[in-house]
Amino acid sequence: MIVLGISAFYHDSAAALVCDGQIVAAAQEERFTRKKHDAAFPANALRFCMEEAGITAAQIDRVVFYDKPFLKFERLLETYLFFAPRGFSSFRLALPVWLREKLFLRRLLEQELSAVVPAPAEWASKLLFSEHHLSHAASAFYPSPFDKAAVLTLDGVGEWATSSLAIGDGTDLRIVKEMHFPHSLGLLYSAFTYHLGFKVNSGEYKVMGLAPYGEPRYAAQIREHLIDIKPDGSFRLDMKYFNYAVGLTMTNARFAALFDLPVRKAEDALTQRHMDMAASVQAVTEEVVIRLARSIAKETGLRNLCLAGGVALNCVANGKLQRDGCFDNIWIQPAAGDAGGALGAALMGYHGFLKQERVSCTTMDRMQGSYLGPAYTQAEIERRLAAAGARFDVLGDTELIATCADELAQGRAVGWFQGRMEFGPRALGGRSILGDPRAPSMQSTLNLKVKFRESFRPFAPSVLREDVQEWFDFDGDSPYMLMVSEVSGKRRKPLPENAASLFGIDKLKVPRSDIPAVTHVDYSARIQTVYAETNSRYHALLSEFKRRTGCPVLVNTSFNVRGEPIVNTPEDAFRCFMGTGIEALAIGNCYLRKERQDTSLQASYENAFELD
């Protein structure tokens with residue numbers, strides 16, 4: 001039994017394939033087209049999934065789309081009628097697209113599927129439609145290790161729902177409660193993202209990273225004017241401060257007047273007031289999430305919780321929820337946003353619609369470490385690199401690990417391209433840029449010379465699972481970099497006087513620890529625990545780095561620059577390596593040093609990144 005899941009046409013389109021209950025493949029379209037957050041039909045991701053499974057279109061039993069377009073159109077119409085005549089301009093822009101494409105999504109999907117696979121496949125008879133939040137819930141419950149769990153989904157908006165509670169029991173999954181548009185925790189956070197000068201649907205993590213630099217001075221104003229939070233975590237927003245229901249912006253003049261702060265332009269400097277606004281919305285978000293979880297635990301009596309939806313990527317809130325202890329166990333879908341809706345749709349089709357049993361869980365979960373994307377054979381890597389003009393050595397496994405560990409111990413940035421690509425927004429040791437966390441200057445070096453991004457942005461630590469408690473106030477599993485905890489007290493050190501200049505951040509004191517490059521200003525860190533069972537080569541590298549330095553931790557950031565998706569192919573990796581400050585690159589068993597490369601190629605790639 002084979003089920004294909006698709007998410008598309010809004011943002012972060014993806015395809016996923018489930019065969020006999022196993023997640024065989026999943027990938028975002030952006031990785032193939034190199035267009036960040038690509039919303040187009042995931043033709044390339046679909047081709048990859050079919051190739052990875054070795055199947056033809058005729059073998060696919062069902063194709064499940066991740067939401068229901070008619071319900072979304074109903075929301076559009078009812079919202080316009082409720083707020084009319086306000087909002088006519090946004091309605092006028094949206095209506096032609098709906099009338100031309102989205103209302104006839106079944107036909108559009110049939111056309112797109114036929115374009116990818118021209119052979120007759122009777123797509124019309126195979127198409128099913130899930131609901132948005134049901135797809136999110138399925139993506140969280142079915143891959144989890146739990147037989148029974150509560151499932152909390154939180155995002156901007158699906159069809160009508162913005163938050164939902166589902167109960168999963170075996171193969172059964174049903175939504176029991178929902179909160180509806182326009183009252184949305186995700187859209188509240190996105191409104192602040194917009195007002196702080198970042199892009200909605202992609203800049204929310206910047207707000208989360210900015211929050212520790214501020215104080216929640218505006219949290220009381222948010223609670224008093226913007227959101228009415230009930231004891232059980234349910235809430236209502238006062239829409240007179242927001243414009244997203246009727247306009248083309250997230251906030252309005254009342255919102256700006258409330259905080260006496262206009263919308264920040266992207267090129268404007270960040271001030272302390274911006275940092276305080278970020279801290280304030282983060283604090284309110286955490287309060288809502290924890291209240292919701294406590295009430296769910298009390299109401300259901302369940303001890304396991306699954307999370308999905310864009311808000312579930314707020315790893316600071318996740319860490320505080322875990323420490324709250326209202327649930328014994330928490331599992332979060334690593335592709336918690338709309339891309340993960342494709343996986344949820346496939347799983348809902350397989351378990352929910354076709355009533356097929358779940359496969360037994362023999363490891364920590366059923367996600368295979370989220371390494372579900374393309375991989376390349378050693379022969380393919382060598383051929384592709386040679387065609388790109390790369391100069392490389394082919395090393396044995398032991399020599400490769402030793403060489404990379406030595407480079408890292410000497411403070412060099414290393415590109416790490418190994419095995420299958422990750423599914424979801426986090427690099428987990430498949431498509432990563434690595435560094436030495438002990439180096440005080442590593443954060444600013446990676447931010448400014450490699451990633452070309454804002455200097456305040458923190459980096460995450462990868463740590464051997466067996467050593468996590470020695471280095472962090474955390475003793476659990478965080479394989480998907482979705483939990484934040486503090487660096488252990490015994491690993492902290494006094495601040496040097498030049499801490500701010502070391503990190504390239506003016507007027508901000510940065511705490512020092514044994515691993516300063518992954519220690520945020522509040523001593524927090526977004527942890528990834530690494531296991532030999534799911535990524536043996538990355539585990540071996542961390543183990544060798546520990547043997548040489550005594551430190552079982554590495555800086556791990558996604559293998560890309562600002563504005564680009566994570567690299568997919570060896571050519572993508574070589575281009576990023578040549579155009580940035582990455583000093584060494586390991587792709588499979590191929591090892592590249594920057595100083596050995598063709599200088600004319602390096603200049604052209606550097607110029608290409610400047611043009612981007």
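This is a predicted model: local features need pLDDT of at least 70, side-chain atom pairs count only at pLDDT 80 or more; totals for chains, interfaces and linings use all residues.

Biologist: Is Ser139 buried or exposed?

Modeller: Ser139 is buried, at a relative accessible area of 0%. Buried means under 20% relative accessible area, exposed over 50%, and partly exposed in between (1.4 Å probe, protein chains only).

Biologist: Where does Ser139 lie, and what does it touch?

Modeller: Ser139 lies in helix H7, residues 132-141. Helices (H or I, at least four residues) and strands (E, at least two) are DSSP runs, numbered from the N terminus. Leaving out residues up to four places away in sequence, Ser139 touches Ala308, Trp331, Gln333, Gly340, Gly344 and Leu347; contact means heavy atoms within 4.5 Å.

Biologist: Switching to rings: how many aromatic pairs are there?

Modeller: The count comes to 16 aromatic pairs. Rings of Phe, Tyr and Trp (its six-membered ring) pair if their centres lie within 6.5 Å; planes under 30 degrees apart count as stacked, over 60 as edge-to-face and the rest as tilted. One of them is Phe32 with Phe48, a tilted pair at 6.3 Å centre to centre and 35° between the planes.

Biologist: Which parts does that pair tie together?

Modeller: Phe32 is in helix H1 (residues 30-33) and Phe48 in helix H2 (residues 43-53), so the pair links parts 16 residues apart in sequence. Phe32 is partly exposed at 25%, whereas Phe48 is buried at 8%.

Biologist: And why is the Phe192 and Phe259 pair edge-to-face?

Modeller: Because their ring centres are 5.7 Å apart and their planes are at 70°. Phe192 sits in helix H8 (residues 185-195) and Phe259 in helix H11 (residues 253-259), so this pair ties together parts 67 residues apart in sequence.

Biologist: What's going on in the backbone at Phe181?

Modeller: A cis peptide bond joins Phe181 and Pro182, with omega about 10°. Pro182 lies in the loop between strand E8 (172-180) and H8.

Biologist: Last one: what is the phi of Ser370?

Modeller: Ser370 has a positive phi of about 70°, although it is not a glycine. Ser370 is in the loop between helix H14 (338-353) and helix H15 (378-387), and counts as buried at 0% relative accessibility.

Terms used
Residues are numbered from 1 along each chain as its sequence is written. Side-chain values use heavy atoms; hydrogens and water are left out.
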